[in-house]
Structures are given as C-alpha cells and as structure tokens.
Amino acid sequence: MRTKKQRENFAFLVRNLTRLGISESDIVTLVRIERTLSRWHERECDELEYDESGVPHRVFFDSKGKRFSYRVPNRGAGAEKRLKNLIEKYPNLETYIQTAPRGCALYVYEKGAIPLPVESYYSSRAVAVCY
C-alpha cells in the first residue's frame, strides 16, 4: 500500500510522462524498469563482478576469507532491452540511464531538449521515472 505522499508523487510522474505522450500502461512498465535498473546498479557496486566475457558473478567471502562466486542472470541487460523495445514506440523520446546507485536510474526526455553532453543536463531537463 502506498502512502499519500507516494500516491501524490506517482500522480505527478504520470502527469509529466503523459505530457510527453507516454501511455499509462507504459508508464507503469517504465517504473518497473527503473526499479530493476536501480537495484542492479546497487548490486554492481556491492557484490557483482564481471568476467572476461562480460557475464556477471556474485562474489562473497566466507568467515575465513575464502572467495566464492557464482554466475547470476544479468537483470540490468534485460531491463535495458525491455526499455529499448518500449521506447521505440515513441520516436520523439530518448532515455538516459544514470548508473550511480543513488537517486533515480532512468530519465526520459524529448529528442533535442537536452544539449550534449547529456550527462551534464539530464537531472534538470528530463523527467525522472521514479517517485
């Protein structure tokens, strides 16, 4: 169950994204993709390493300091693939993925609305897909 503040923030997000022409069902999908990316970026900083072929592995140490690792599904790549497929429906929009594990992980903006480099302007000129 959401708090009143969360409901208000979600309504604000829906208003901003519908102004860009995104349907409400796609907004829900975008929020789910953002949450997946956010969790994945947190894991990348804490417990994941990639091997030579780019496959992610969860790494941990036992009480004696022995290193263990095992392969994990690349949820970040899956979320990016779903995002790419979804955003193709909106040719006038682009996305930016913020890979730092703090704040919002996904931003949506109109093509040409943000000067290059996008990394310098996304937080003030794009719609953050989180609430």
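**View 1. Secondary structure of the whole chain.** Four helices and six strands make up the secondary structure of this chain; here helices (H or I, at least four residues) and strands (E, at least two) are DSSP runs, numbered from the N terminus. Followed along the sequence, the pattern reads α-α-β-β-β-α-β-β-α-β. The C-alpha trace spans about 55 × 35 × 25 Å along its principal axes. Of the 131 residues in the chain, 36% are buried, where buried means under 20% relative accessible area, exposed over 50%, and partly exposed in between (1.4 Å probe, protein chains only). Please keep in mind that this is a predicted model, in which local features need pLDDT of at least 70 and side-chain atom pairs count only at pLDDT 80 or more, while totals for chains, interfaces and linings use all residues. Residues are numbered from 1 along each chain as its sequence is written, and side-chain values use heavy atoms, with hydrogens and water left out.

**View 2. The open sheet β4-β5-β6.** Three strands form an open sheet in the order β4-β5-β6, with antiparallel pairing; two strands pair if DSSP finds at least two bridges between them. The edges are taken by β4 (93-97) and β6 (127-128), and each has a single partner strand, so one side of each is left without a neighbour in the sheet.

**View 3. A closer look at strand β5.** Which strand do five bridges join to β4? The partner is β5 (residues 106-110), and the two run antiparallel. Within this pairing, L93 has E110 of β5 as its bridge partner, and T95 has V108 of β5. On to β6: two bridges join β5 to this strand, again antiparallel, with V127 of β6 as the bridge partner of V108. Four of the five residues of β5 are buried, so this strand is largely enclosed by the rest of the structure.

**View 4. A patch of positive charge on the surface.** R2, K4, R7, R35 and R39 come together here in a surface patch of positive charge. Two or more residues of the patch come from each of α1 (4-19) and α2 (24-46). R7, for one, lies in helix α1 and counts as partly exposed because its relative accessibility is 46%. Lys and Arg count as positive, with the charge placed at NZ of Lys or CZ of Arg.

How values were computed. Patches are made of residues with over 30% relative accessible area and no salt bridge: like charges are joined within 9 Å, nonpolar side chains (Val, Leu, Ile, Met, Phe, Trp, Tyr) within 5 Å. Accessible areas come from the Shrake-Rupley method with a 1.4 Å probe; for residues, only the protein chains shown count as cover. A salt bridge is a side-chain nitrogen of Lys or Arg within 4 Å of a carboxyl oxygen of Asp or Glu.
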